[in-house]
Amino acid sequence: MKKEFRHPFWENYQKDRITCKLVITHDNGEVTSSTSTVGKYGKDGKITKDYKDVIALTPVEKIDKNTEEREERHKENRVADKRKKAEREAARKLENLFNAKLEVFEIESIKNSTNRKAKAKIRRSKNQYEMMAYAIMLIQEEDAKNESK
Amino acid sequence: MSPSKGFVLVASKRIAFYYSACNLMECIRDYMPDANITLFCSPEFKDHRCDDFDQVFDVENPDFLREKLYGMANSPYDITMYMDADGEVVHEDIATVFDQLEDCDMKFVILKDDPISLKSFVEKDFQCSGVTETMTLCGGVCLYDMRNPLVQDFMQDWYKMFWIQEHRLNIPEDQHWWKGHGIKDSMLRWDQFTLWWLTNKMPKYKDLKIGEFDDNYRWNWFTSFRRNAEGKYNLVKKDPIFLHHSSSMDKTVDEFKNEVKL
């Protein structure tokens, strides 16, 4: 059986735990891999063989560099995720507002109103609250018009 | 005599498209009070709002979702601006639309930048005769000159060829114009594929002058497009003119007809 520790990075700032990909080539030739954590010290307080093997293959400076690169990558991913979320939210708001406007324009008194100015205000509303306010104003105006007939 | 100029909107199959077409007509009029606007729609959708359009025609096949192609092919205007109904005009620069044509026969928005998240246009790359091809012309808006007989033929062919695509299971294979080119079946859903074929595979149309709108995406800005780092509209010099909601417009709006009476 052959053990190989790939892409190691520090798991903590004390630098006494390493996370890496452990690739094992078994005696029958089969290869398996898993994510593995390697502690520097065993229960007896001595430096473990696995840790020594990792360091032998990958110097501490390289592990430092891997750790920095990983942190940077994760930081970039977090920023990208946040931005994507904001984009999705902005798109969702626009879509919801558009659908809400279509619904409002199907309200009978608004649909039948000839007040172009008021309808344009509804159409140009930048959010649902503004749209609702203008819709209510127009409905009230149309109701008053109907009552006075 | 100066050419007639106007907008063509189409609403078929789903009443949601009729509602949004009425809204779009009003949006256009907010900025262009005298604009000519023609609607092609399923006859059962019509209500008093049809009176606000200059002309209203029945579509040929009310249950066909892509009757936009019928409307485009039958525009009553010399210079026509077709716009998908599921969007809204949000900028006064719409008033400059007919100046956009310049010396071209047709103008489209061209999808050419990878940084855009094209949720509504996911299958843009495809194989044709073993070669990877890309659909770039977006059919959501189109400005075209119907005085050119070739443009008229183009629009008619677009409709007829897409009709064959859509009804391929009931149409004899000898009419399957894409046959023998290894086109994936899923591509046949897209009228953009027909558009690609017309502009890339048909010698008849090779001399048509097809151009791109000035500041391209302003004229068809999908709400699913990616924003820039400041959260503002991306890849445009000024704010969009036409916001296109096709990726997630609430098509179930058909049901709210009975729900919103106060």
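Let's settle one term before we look: two strands pair if DSSP finds at least two bridges between them. Helices (H or I, at least four residues) and strands (E, at least two) are DSSP runs, numbered from the N terminus.

Now the housekeeping. This is a predicted model, in which local features need pLDDT of at least 70 and side-chain atom pairs count only at pLDDT 80 or more, while totals for chains, interfaces and linings use all residues. Residues are numbered from 1 along each chain as its sequence is written, and chains are lettered from A and ligands numbered from 1 in the order in which they are written.

E5(B) runs antiparallel to strand E12 (residues 242–244) of chain B, and three bridges join them. Within that pair, B:Gly87 sits opposite B:His244. As a reminder, strands of a sheet pair through backbone hydrogen bonds, either parallel or antiparallel.

Next, strand E2 (residues 37–41) of chain B. Is it buried or exposed? By the cut-offs here, a residue is buried if 20 or more other C-beta atoms lie within 10 Å of its own, exposed if 12 or fewer, and partly exposed in between, with C-beta atoms placed from the backbone. Five of the five residues of E2(B) are buried, so the strand is largely enclosed by the rest of the structure. Both faces are covered, with B:Ile37, B:Leu39 and B:Cys41 on one side and B:Thr38 and B:Phe40 on the other.

Who are its partners? Strand E1 (residues 5–11) of chain B runs parallel to E2(B) through five bridges, and B:Val8 faces B:Thr38 there. Strand E3 (residues 55–58) of chain B is also parallel to E2(B), joined by four bridges, and B:Phe40 is opposite B:Phe57.

B:Leu24 is buried, with 25 other C-beta atoms within 10 Å. Setting aside neighbours within four places in sequence, its contacts (C-beta atoms, placed from the backbone, within 7 Å) include B:Leu9, B:Met83 and B:Gly87.

H1(B) also meets chain A. Residues A:Lys119, A:Ala120 and A:Arg123 of helix H4 (residues 116–123) of chain A touch B:Glu26, B:Cys27 and B:Asp30.

Last stop, backbone angles. Most residues other than glycine have a negative phi, and most peptide bonds are trans. A:His7, however, has a positive phi of about 50 degrees; A:His7 lies in strand E1 (residues 2–10) of chain A and is partly exposed, with 13 other C-beta atoms within 10 Å. A:Lys15 has a positive phi as well, near 55 degrees, and lies in the loop between E1 and strand E2 (17–25) of chain A.

Key:
Axes are lines fitted to C-alpha atoms, for helices over the stretch in contact, and angles run from 0 to 180 degrees between N-to-C directions. Two residues are in contact if their C-beta atoms, placed from the backbone, lie within 7 Å.
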